[in-house]
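Here's a quick briefing to read alongside the picture. Take a look first, then work through the points below.

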Amino acid sequence: MSTLHLIFNQEGLASCKRLKAKQDKMILLGEAVYCAPTMSLAGEISQFHILKDDFDARGLKTEKELCFVSYDEMVELCAQSAPIVSWNA
Amino acid sequence: MKNILYIISRSPYSGVQSFELIDCAMVSAIFENNVSILFRAEGVWSLLGDQNGELLNSKTLSKVLSALPTYEIDNLYFCEDSVNERRISRDQIDIPVKPLSLNGQQQLIANQDIVMAGPK
């Protein structure tokens, strides 16, 4: 099983980036979706899944191809992963 | 009649704080105060159009904001630096809100009788 990181805000993203292993999966959700449009410039965004409802609810837009997931897909990713780490600071 | 400024520093869906501050602002305006609202720091995310709070079982903040002129709240400002830092372009903002430099924000605050900012 691979590790899954759930990232809830900008501080969480910074912490996770320092501690995650290369092959780990990551999901940006909640406040962390605000990081997605600016990150896309650095080309690093391809490593992340982004919860679509949280992105759309906030009125965010992007021209980059982001890897969006639905709630159902997130549940599936969680079920396939262990451990799951939540980052909010 | 008093000059009252509300400062919104938090992003819209991390809690109900922004909604509550806007509610207060509307009530202040009903009682014939001269109300201004300043969006700064993470609060500038409130200004994006096309939000959909229903996806999060919430009210939609951008719709609430578009009602502000009905309450005669026309003094809406945002911190120019906060918007630039977050690479928000002006065409993503679809309510009539004026940019203010840090200097402009200092003057705005100095002109108030009351300033309301939520706890951080």
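What radius of gyration would a compact globule with 89 residues have, and what does chain A have? The rule puts such a globule near 12 Å, and chain A has 12 Å, so the two agree. Keep in mind that you're looking at a predicted model.

**Layout of chain A**
- Chain A has 4 helices and 5 strands.
- Along the principal axes, its C-alpha atoms fill a box of roughly 35 × 30 × 20 Å.

**Packing**
- In chain A, 39% of the 89 residues count as buried.
- Take the contacts in chain A between residues at least 6 apart in sequence: 40% of them join residues at least 24 apart.

**The largest nonpolar core**
- This core has 50 residues, and those touching the most other members are A:Ile7, A:Leu28, A:Ala32, A:Val33, A:Ala36 and A:Ile50.
- Strand 1 (residues 3-8) of chain B gives the most to this core, with 5 residues.
- Zoom in on A:Val33: leaving out residues up to four places away in sequence, its contacts include A:Leu28 and A:Ile50, as well as A:Asp54 and A:Arg58.

**Where chain A meets chain B**
- Here, 9 residues of chain A are in contact with 15 residues of chain B.
- On the chain A side, helix 3 (residues 52-57) gives the most, with 3 residues.
- That side of chain A divides into 3 nonpolar, 2 polar and 4 charged residues.

Methods
Residues are numbered from 1 along each chain as its sequence is written. Chains are lettered from A and ligands numbered from 1 in the order in which they are written. This is a predicted model: local features need pLDDT of at least 70, side-chain atom pairs count only at pLDDT 80 or more; totals for chains, interfaces and linings use all residues. Helices (H or I, at least four residues) and strands (E, at least two) are DSSP runs, numbered from the N terminus. The radius of gyration is taken over C-alpha atoms; the globule rule is 2.2 Å times the number of residues to the power 0.38. A residue is buried if 20 or more other C-beta atoms lie within 10 Å of its own, exposed if 12 or fewer, and partly exposed in between; C-beta atoms are placed from the backbone. Two residues are in contact if their C-beta atoms, placed from the backbone, lie within 7 Å. Ala, Val, Leu, Ile, Met, Phe, Trp, Tyr, Cys and Pro count as nonpolar, Asp, Glu, Lys and Arg as charged, and the others, Gly among them, as polar. A nonpolar core is a set of buried Ala, Val, Leu, Ile, Met, Phe, Trp, Tyr and Cys residues joined through C-beta atoms within 7 Å.
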